[in-house]
Amino acid sequence: MSRRLERLGTLLREELSDLLRREMQDPRLAQLITITRVDVSSDLQYARVHVSVMGSAEEKDATLAALRKASAFLRYHLSQRLTIKKVPLLQFRLDESLERGDRLLRLMDQVSRGGSA
């Protein structure tokens, strides 16, 4: 991935995080949402937004549906904040790596204490 795409992905991640915190009022959104990374396509048409959601499977599904529904709203606000010609289309994906990491750390802690998993 080029340096330019990495910088754009980082900028989009920061701005989207701020928009979710300040502008989004959808009750379907879970309380703890983290944008883990944003991958921008080489032609700058698409941005795959990886989102970690802490909660039940229903909360994850509802949050992902709300984000997908709010995609145009978020793109509009990004266009107001950023100085790029065209804001990429946002594609939201669930990222469960944080939960897997947390589970792995808990299992390692149990093993180190001599407990059973």
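**Pockets, patch and salt bridges**

Me: Which residues lie nearest the centre of the largest pocket, and how many line it?

Reply: The lining of the largest pocket has 13 residues, and Arg4, Leu8, Leu44, Ile84 and Lys85 are the ones nearest its centre. This is a predicted model, in which local features need pLDDT of at least 70 and side-chain atom pairs count only at pLDDT 80 or more, while totals for chains, interfaces and linings use all residues. Residues are numbered from 1 along each chain as its sequence is written, and side-chain values use heavy atoms, with hydrogens and water left out.

Me: What makes a space a pocket, and what makes a residue part of its lining?

Reply: On a 1 Å grid over the protein atoms alone, a pocket is an open set of points where a 1.4 Å probe fits, with protein on both sides within 12 Å along at least five of seven lines, and a lining residue has an atom within 4 Å of a point. The volume, about 280 Å³ for the largest pocket, is the space filled by probe spheres set on the points. Its lining has six nonpolar, two polar and five charged residues.

Me: Which residues line the second largest pocket?

Reply: This pocket, with a volume of about 170 Å³, is lined by Ser17, Leu20, Arg21, Met24, Leu29, Ala30, Gln31, Leu32, Ile33, Thr34 and Ile35. Helix 1 (3-22) and strand 1 (32-40) are the elements that give two or more residues to this lining, and strand 1 gives the most, with four. By class, the lining has seven nonpolar residues, three polar and one charged.

Me: Why is Leu105 called exposed?

Reply: Exposed means over 50% relative accessible area, buried under 20%, and partly exposed in between (1.4 Å probe, protein chains only). Leu105 has 56% relative accessibility, and therefore counts as exposed. Leu105 is found in helix 4 (residues 97-112), and together with Leu104 and Met108 it makes a nonpolar surface patch of about 320 Å².

Me: How do you know that Arg21 and Asp18 meet in a salt bridge?

Reply: A salt bridge needs a side-chain nitrogen of Lys or Arg within 4 Å of a carboxyl oxygen of Asp or Glu. Arg21 and Asp18 are 3.0 Å apart, N to O, so the pair qualifies. Both residues lie in helix 1, three residues apart, which is about one turn of the helix. Arg21 is exposed because its relative accessibility is 58%, whereas Asp18, at 14%, counts as buried.

Me: What other residues are linked with Asp18 and Arg21 in a network of salt bridges?

Reply: Glu15, Arg22 and Arg81 are linked with Asp18 and Arg21 in that network. The structure holds eight salt bridges, including one between Asp26 and Arg28 with the closest N and O atoms 2.7 Å apart, and one between Asp109 and Arg113 at 2.2 Å, N to O.

Me: How many of the residues in the protein are buried?

Reply: Buried residues make up 31% of the 117 residues in the protein.

Methods
Nonpolar A, V, L, I, M, F, W, Y, C, P; charged D, E, K, R; others polar. Patch = residues over 30% accessible without salt bridge, like charges linked within 9 Å, V, L, I, M, F, W, Y side chains within 5 Å. Areas by Shrake-Rupley, 256 points an atom, 1.4 Å probe, with all protein chains shown as cover.
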